[in-house]
Amino acid sequence: MVSWEENVRKVVPYVAGEQPNKPGMIKLNTNECPYPPAPGVERLAAKMDCGAFRLYPDPDAAVLVDALAKYYHVKPEQVFVGVGSDDVLSMAFMTFFNGSKPILFPDVTYSFYDVWADLHRIPCRTCPLDEDWHIRPEDYRQPNGGVVFPNPNAPTGLLESLDTVEEILRANRDVVVIVDEAYVDFGGKSALPLVERYDNLLIVQTFSKSRAMAGLRIGFCIGSEKLIGYLNDVKFSFNSYTMNLPSQILGAEAVRDDAYFRAATAKIVATRERVKGELRELGFSFPDSKANFIFASHEVIPARQIFQALREADIYVRYWNKPRISEFLRITIGTDEQMDRLLSFLKDYVKRYW
């Protein structure tokens, strides 16, 4: 007898960061912004007409697309929005990576890439980072069906120069190259200026980190009109109404308040640099993160031991039990008060065990 399970698409799913919900806990494990969205977002949400929820949202998300186009000085036809950057990336995988050759991405990187490759039945190959955790551009000169990498990378937080990005683009004019810039607002330099010269370049960003709107699930990408046209063709063949009305309206409002956005990201960057100095004094080492997190390892004390101790203190960071990165903790940058509590705990802990 044939089982219906023989026709089920089986994949190994992405494992999201833990979402604890305890009184008094400090959550520093999923790279969320510690500050609220722009004040205008709260004001607009408070007076939103809930009667409009009975209607389908604008399938073109024009209010948000137009706001993003104006902010980034591109045409609306160059902007695509989705339900978080994960949705945008998955749609891009489905649209652009349909050849027989494997797509390429780093071996230490955002762990959703191989999940999407498996889900969409896309062959893939990883390229190892060098000893200093950087991409080696020469690895991306081999035949491939597309390239995707974050910049800054995750979980290392390291930023590649625009020269490196362009070197990869020059070697891959015949495939789509996706640069995932989820963390670029924390000290990185966007590859957006290269879109004018490379019609195969897609830049993906998110509202979940620097714009403090992870709960509304807003992501977008910018590329040539031809790339965005193909993405929209697939989107409208999949689900015309992917983004809800509140996300469209409140996302556009967040983009308009540039002063608040810059002040909030500057505060996170300043805290990150302060924490780096204090962690060094405690015996931690880490790549020079340009993201809103630090990828840290201690000279003597195993990362798993520190991770378990932090959990017992209701301070949640991220730990991987994977080769090469099993000795690292990823610590999201919180408010100064949250980071002071983390550092105070680590000072006492390191004094006892080191």
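The largest nonpolar core of this predicted model has 50 residues, and those with the most contacts inside it are Leu64, Leu68, Val81, Trp133, Phe149, Leu201 and Phe207. A nonpolar core here is a set of buried Ala, Val, Leu, Ile, Met, Phe, Trp, Tyr and Cys residues joined through side-chain atoms within 4.5 Å. Buried means under 20% relative accessible area, exposed over 50%, and partly exposed in between (1.4 Å probe, protein chains only). Elements giving two or more residues to this core include α2, β2 (79–82), β5 (147–150) and α7 (245–256). The largest share, 7 residues, comes from α2. A second, separate core of 38 residues includes Tyr183, Ala291, Ile315 and Ile331. In soluble globular proteins, nonpolar side chains tend to be buried together.

Two notes on how to read all this. Residues are numbered from 1 along each chain as its sequence is written. Because the model is predicted, local features need pLDDT of at least 70 and side-chain atom pairs count only at pLDDT 80 or more, while totals for chains, interfaces and linings use all residues; side-chain values use heavy atoms, with hydrogens and water left out.

Now to helix α8. Helices (H or I, at least four residues) and strands (E, at least two) are DSSP runs, numbered from the N terminus. Among the buried residues of α8 are Phe261, Ala264, Ile268, Val275 and Leu279. An α-helix has 3.6 residues a turn, so residues three or four places apart point the same way. The buried residues of α8 pack against α2 (62–72), β9 (284–285), β10 (293–298), β13 (329–332) and α10 (336–353). After α8 comes Gly283, with a positive phi near 95°.

| Strands | Sense | Bridges |
|---|---|---|
| β9 and β10 | antiparallel | 2 bridges |
| β10 and β13 | antiparallel | 4 bridges |

Within these pairings, His298 is the bridge partner of Phe284, and Thr332 is the bridge partner of Phe293.

Where does Phe286 lie? Phe286 sits in the loop between β9 and β10. Phe286 is buried, with a relative accessible area of 15%. Contact means heavy atoms within 4.5 Å. Not counting residues up to four places away in sequence, Phe286 touches Lys276, Leu279, Arg280, Ile294, Phe295 and Ala296. The C-alpha atoms of Phe286 and Leu158 are separated by 9.9 Å, although these residues are 128 residues apart along the chain.

Finally, the whole protein. There are 10 helices and 13 strands, and 53% of the 354 residues count as buried. The C-alpha trace spans about 60 × 55 × 55 Å along its principal axes. Among contacts between residues at least 6 apart in sequence, 73% join residues at least 24 apart.

Technical notes. Two strands pair if DSSP finds at least two bridges between them.
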